[in-house]
Amino acid sequence: MSLSKITLQLARNPGLPGGDPSQGYTIIAPLTAEGQIDLDAWRETRAACRVVRFHPDPDEHADGLLTHRGSHWFFHYDEDDEGDDEAGYKLGQHVFKEGEYITIATHGETPLTYKITDVSPT
């Protein structure tokens, strides 16, 4: 089972007309041939399915696991200072390919849009 490294960078959002490539996420996850998260493969490799939140402010940096509950995907951080779980909007239905956009709700704040800038094998 192969995993993919998916890079998301903050896209154009209200108050950030140019986005910010220094803010985003790196996700390690198995993808189907169509580019969607493969739930069955995730179950077999869940310990390797990681998420890293990157940001210029070191206090905003976090690392954790890609988790699944019900029909929803979350970014789960183990440390209390890294914040609550973050939810991806319909991540299970998204196609992960360069140029596509993903919405993520960070710490209960207004959801933000991220652009997929890279998908490559790990």
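This report walks through the salt bridges, one backbone feature and the strand pairing of a predicted model.

## About the model

Because the model is predicted, local features need pLDDT of at least 70 and side-chain atom pairs count only at pLDDT 80 or more, while totals for chains, interfaces and linings use all residues. Residues are numbered from 1 along each chain as its sequence is written, and side-chain values use heavy atoms, with hydrogens and water left out.

## Salt bridges

Let's start with the charged pairs. Side chains of opposite charge can pair when their charged atoms come close. The structure holds 3 salt bridges (a side-chain nitrogen of Lys or Arg within 4 Å of a carboxyl oxygen of Asp or Glu).

One of them joins Arg53 and Glu86, at 2.6 Å from N to O. This pair links distant parts of the chain, with Arg53 in strand β3 (residues 50-54) and Glu86 in strand β6 (residues 86-88), 33 residues apart. Helices (H or I, at least four residues) and strands (E, at least two) are DSSP runs, numbered from the N terminus. Arg53 is buried, at 5% relative accessibility, and Glu86 is buried too, at 0%. Here buried means under 20% relative accessible area, exposed over 50%, and partly exposed in between (1.4 Å probe, protein chains only).

Asp85 and Arg69 form another salt bridge, at 3.4 Å from N to O. This one also links distant parts of the chain: Asp85 sits in the loop between β5 (72-77) and β6, and Arg69 in strand β4 (residues 62-69), 16 residues apart. Asp85 is partly exposed at 26% relative accessibility, and Arg69 is partly exposed at 41%.

Within helix α1 (residues 39-45), Asp40 and Arg43 lie 3 residues apart, about one turn of the helix. Their closest N and O atoms are 3.2 Å apart, which makes a salt bridge. Arg43 is partly exposed, with a relative accessible area of 44%.

## A positive phi at Lys90

Now for the backbone. Lys90 is not a glycine, yet has a positive phi of about 55°. Lys90 lies in the loop between β6 and β7 (101-105) and is partly exposed, with a relative accessible area of 43%.

## Strand β1 and its partners

Strand β1 (residues 4-10) is mostly covered, with 5 of its 7 residues buried. β1 pairs in the antiparallel sense with strand β2 (residues 20-29) over 7 bridges, where two strands pair if DSSP finds at least two bridges between them. Gln9 has Gly24 as its bridge partner in β2.

β1 also pairs with strand β8 (residues 112-121), again in the antiparallel sense and over 7 bridges. In β8, Pro121 is the bridge partner of Ser4.
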